[in-house]
Amino acid sequence: MGSFMDNGSGHPHDVRSFLQGDARVIAPLILGAVLTHHADAGPVSVRLTEVEAYMGPRDSEHPDPGSHTFGGPTARNAPMFGPPGFLYVYFTYGMHYCANIVCGPDGFASALLLRAGEIVEGEELAAVRRPASKAHKDLASGPARLASALGLTTADTGRDALASPFSLWLPATPAAAVASGPRVGVAGPGGSTEYPWRFWIEDDPTVSRYKAARPRNRVVSP
């Protein structure tokens, strides 16, 4: 699992303080963190290897045309306007769930889409949830796979990722080699090189493949 901070790196207060910052700054620093979901079927833990930062509405200080919040608050995106450390889970393409961790101060919309990770605990349960995965590295390689491996659905949106049955442990040191680039599958300006807000650990086998948005697609990431 690698080296992790002692003395409270997973303490909710410390982690929430860390998540109060700018999502674009937090994104590369959170790589290597471990998110755990202790479900009734057992725990599954994912070491984060790829995330995307998303910001706020068109009338905010940091407007983001790729964000679900760009048009303003709705019942669906309400968790993104809430306090940091909470989950925003949405349903897309009529078949997939994608999970985000809310960042920034309460009332200022931003979040990190959890794009990919390595299963470091609960591999057997993750494999049951992800029967189509042929290899360990594929179990959480992609946002839908990651959410599925953790057993997350829209029933978890608005729940605190820093409180039971969840926990988030930050890495002891930043990832040695972090790359950044355009976001995956985001149509319009938000998916362009003007928003290089996808961050990943270089050469990690669990990182998902880059795919540009199809022209007909609407925004599918928060």
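The largest nonpolar core in this predicted model has 41 residues, and those with the most contacts inside it are Leu19, Ile30, Leu112, Ile119 and Leu168. Strand β2, residues 42–54, gives this core its largest share, 5 residues. There is also a second, separate core, made of 11 residues, with Tyr54, Tyr88, Cys98 and Ala109 among them. As a rule, nonpolar side chains in soluble globular proteins tend to be buried together.

Setting aside residues up to four places away in sequence, isoleucine 119 touches Val44, Ser45, Val46, Ala126, His136, Leu139, Ala140 and Ala149.

**The strands around β5**

How much of strand β5 is buried? Of the 11 residues in β5 (residues 111–121), 8 are buried, so the strand counts as mostly covered. On one pairing, β5 runs antiparallel to β2, and 9 bridges join the two. Within that pairing, leucine 48 has glycine 117 of β5 as its bridge partner. Strand β4 (residues 96–102) also pairs with β5 in the antiparallel sense, here over 3 bridges. For a spot to look at there, find valine 102, which stands opposite alanine 111 in β5.

**Helix α2**

Helix α2 covers residues 23–30, and its buried residues are Ala23, Ile26, Ala27 and Ile30. These residues sit on the same side of α2, because they cover an arc of only 115 degrees around the axis. What do they pack against? The buried residues of α2 pack against α1 (12–19), β2, β5, β6 and β8. After α2 comes glycine 32, which has a positive phi near 100 degrees.

**A buried arginine**

Now for a charged side chain. Is arginine 183 buried or exposed? Arginine 183 has a relative accessibility of 1%, so it counts as buried. You'll find arginine 183 in the loop between β7 (178–181) and β8.

| Arginine 183 side chain to | Distance |
|---|---|
| Side chain of aspartate 64 | 2.7 Å |

The contact with aspartate 64 is a polar one between the two side chains. Leaving out neighbours within four places in sequence, arginine 183 is in contact with Glu52, Ala53, Tyr54, Asp64, Gly66, Gly190, Gly191, Tyr195, Trp197, Arg198 and Tyr210. One of these, Tyr54, is included in the second, separate core.

A cis peptide bond joins serine 164 and proline 165, with omega at about 10 degrees. Proline 165 lies in the loop between α4 (143–150) and β6 (166–169). Then there is aspartate 203, which isn't a glycine but still has a positive phi of about 65 degrees. Aspartate 203 belongs to the segment after β8 (198–201). With a relative accessible area of 80%, aspartate 203 is exposed.

The protein has a mean pLDDT of 91, and 91% of its residues reach 70 or more.

Notes:
Residues are numbered from 1 along each chain as its sequence is written. Side-chain values use heavy atoms; hydrogens and water are left out. Helices (H or I, at least four residues) and strands (E, at least two) are DSSP runs, numbered from the N terminus. Buried means under 20% relative accessible area, exposed over 50%, partly exposed in between (1.4 Å probe, protein chains only). A nonpolar core is a set of buried Ala, Val, Leu, Ile, Met, Phe, Trp, Tyr and Cys residues joined through side-chain atoms within 4.5 Å. Contact means heavy atoms within 4.5 Å. Two strands pair if DSSP finds at least two bridges between them. A polar contact is a pair of N or O atoms within 3.5 Å; within protein, one must be able to donate a hydrogen and the other to accept it, and residues adjacent in sequence count only if both atoms are side-chain atoms. The arc is that of the directions from the helix axis to the C-beta atoms. pLDDT is the predictor's confidence in each residue, from 0 to 100.
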